[in-house]
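Welcome to this structure. Here are some notes to read with the model open beside you.

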Amino acid sequence: MIAVVGGGVIGLSAAYYLAKSGADVVLFERASLGRGCTWGSAGWITPSESAPVVGPKAVWQALHSLGRPSSPLYLRPTLDPGLYRWLVRAVRYCNSAAAARGLAALADLGRPTFGLYDELERAGLAADMTTEGLLHVFAQRRSAAKSLAAAAVMRSYGYEVPDDLLTGGQLRELEPTLSRRAEAGYLIGGERHVDPARLTAGLATLARKSGAEVHEQTEVTHLDRAGWLVRAVTTSEGSLPVDGVVLAGGASSGRLLRPHGVRLPLTAGKGYSFLRRLRVLPRRPIHLGDIKVAVTPFARGLRVAGTMELSGNNDTLHRSRVDAIAHGTAQYFSGWDDLDGGGPADRDGSARESAELWVGRRPLTPDGLPILDRVHPFENLYLATGHSMLGITLAPASAKALTDYVVTGNRPEPLEPFRLDRFGNHRKP
């Protein structure tokens, strides 16, 4: 029996592929399936967006954001010492060489993404997956040109990136909901999006059909080991003997490791989102590059998601952050005040009339790459976390590769850049 801890998109994908391989699998989620980091995301499947969050200017931008809560990347002072340990480690990866290595690793891992999602759809995923591309929008031509030049590197990894920018008029012809603030941009065709809630529900159904047991409202409280083998997991419902464990609990993945002397180099990159019930929705996902906001049309409204707040591992929702996202986004849409159902419009662009208000903790490593590895010196304990904002994009590829590792004992080559020991000694002295 292999226990998977965590019922988000990573854990559910792992449970599905492990069960499909013939393993006996049980998944434990301490709350409700998919209600953590996955639930409030933009739902993008965009392997072209493979650049690590931790880039050459990330720490400088974080420090510059102090006192500026509207900044897309925001460092909020906290008493959590783990955040400051993480920042010290992150500094060493804030350079062009590390960013290039990270992009290459993520692009390689994500190469089979579309094919794997096609297989999941044929198996019955039913996640409302749509292929309309990803539209990048900017208020200035210069910013759009700089972004397009950076995106051009993805051509070497097999992705189609346009050569030329779209003008403001062309953008509004493509997306009539855009305002005149949208001066330039470009479309990455072929990118996809899903409804995250339907995605996790679909993955749970596929996992169960493949033979996995899925338990909600069941917390794993302890790993019982003999030497360096995990022999059982203790849950809120009792103890269960196991042959292996996959920890896929997002930013909380380290909770079960600390009693065994293992400290994960993780912090929470908090994100916010809400649903705007516009009368007329955009046709496709849009990245507002100037303010780093993602918008995605769902059947029930427009999901607006943004910000990367570094404030420690907590779920505190700061309304000023939500209002800043809403105010910035409103400037890019001509019909922001035209709400479906005739409800009162918030003319200042705030989110007071918005639904599905959410804050979530994206698991973030110092180099911005996931950890997909066996936890040494344990012989049967594996880790799948740290996907930051690429969880939905990389979940099938990560889970399938990790399944090969768990089943065969041999690490697949695409997982080599995602070893835990790349951060040095992760065991406490």
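A polar contact here is a pair of N or O atoms within 3.5 Å; within protein, one of them must be able to donate a hydrogen and the other to accept it. Please keep in mind that this is a predicted model.

1. Let us begin with an arginine. R303 belongs to strand β18, which covers residues 301-310. Its relative accessibility is 0%, so R303 counts as buried, the cut-off being under 20%. Where does the side chain of R303 reach a backbone oxygen? That oxygen belongs to S41, at 2.7 Å from the R303 side chain. The side chain of R303 also makes a polar contact of 3.0 Å with the side chain of E356.

2. Next comes strand β19, residues 355-364. Eight of the ten residues of β19 are buried, so the strand is mostly covered. Strand β15 (residues 267-276) runs antiparallel to β19, and eight bridges join the two. To find your place in this pair, look for K270, whose bridge partner in β19 is R361.

3. Now for an open sheet of six strands. Read across, the order is β10-β2-β1-β14-β21-β20, and the pairing is mixed. The edges are taken by β10 (213-215) and β20; each has a single partner strand, so one side of each has no neighbour in the sheet. From one strand to the next, the twist averages 15 degrees. Helix α1 (residues 9-20) packs on this sheet, where it touches β1 (2-5), β2 (25-28), β14 (244-247) and β21. The direction of α1 makes about 170 degrees with that of β2.

4. Strand β20 and strand β21 (residues 381-385) run antiparallel and are joined by four bridges. Within this pair, D373 stands opposite L383 of β21. The loop between β20 and β21 holds P377, and the peptide bond joining H376 and P377 is cis, with omega about 5 degrees. For background, most peptide bonds are trans.

5. There is also an open sheet of three strands. Its order is β11-β12-β13, with antiparallel pairing. The edge strands, β11 (220-226) and β13 (238-241), each pair on one side only. Direction ignored, neighbouring strands of this sheet are turned by 25 degrees against each other on average. How many bridges join β11 to strand β12? There are six, and β12 (residues 229-235) runs antiparallel to β11. Among the pairs to look for is D224, whose bridge partner in β12 is A232.

6. At the start of α4, a side-chain oxygen of N95 comes to within 3.2 Å of the backbone nitrogen of A97.

7. Which residues of α4 are buried? They are A98, A99, G102, L103, A105, L106, A107 and L109. The elements that cover these buried residues include β20 (371-374) and α10 (391-408).

8. Two loop residues call for a look at the backbone. Most residues other than glycine have a negative phi. A126, in the loop between α5 (113-123) and β5 (130-131), has a positive phi near 55 degrees without being a glycine. S388, in the loop between β21 and α10, also is not a glycine and has a positive phi of about 55 degrees. Are these residues buried or exposed, or in between? A126 is partly exposed, because its relative accessible area is 43%, while S388 is buried, because its relative accessible area is 7%.

9. Finally, a word on cysteines. A disulfide is a covalent bond between the sulfur atoms of two cysteines. Counting pairs of cysteine sulfur atoms within 2.5 Å gives zero disulfides in this model. C37 has 25% relative accessibility and so counts as partly exposed, whereas C94 is buried, with a relative accessible area of 16%.

Key. Residues are numbered from 1 along each chain as its sequence is written. This is a predicted model: local features need pLDDT of at least 70, side-chain atom pairs count only at pLDDT 80 or more; totals for chains, interfaces and linings use all residues. Side-chain values use heavy atoms; hydrogens and water are left out. Buried means under 20% relative accessible area, exposed over 50%, partly exposed in between (1.4 Å probe, protein chains only). Contact means heavy atoms within 4.5 Å. Two strands pair if DSSP finds at least two bridges between them. Axes are lines fitted to C-alpha atoms, for helices over the stretch in contact, and angles run from 0 to 180 degrees between N-to-C directions.
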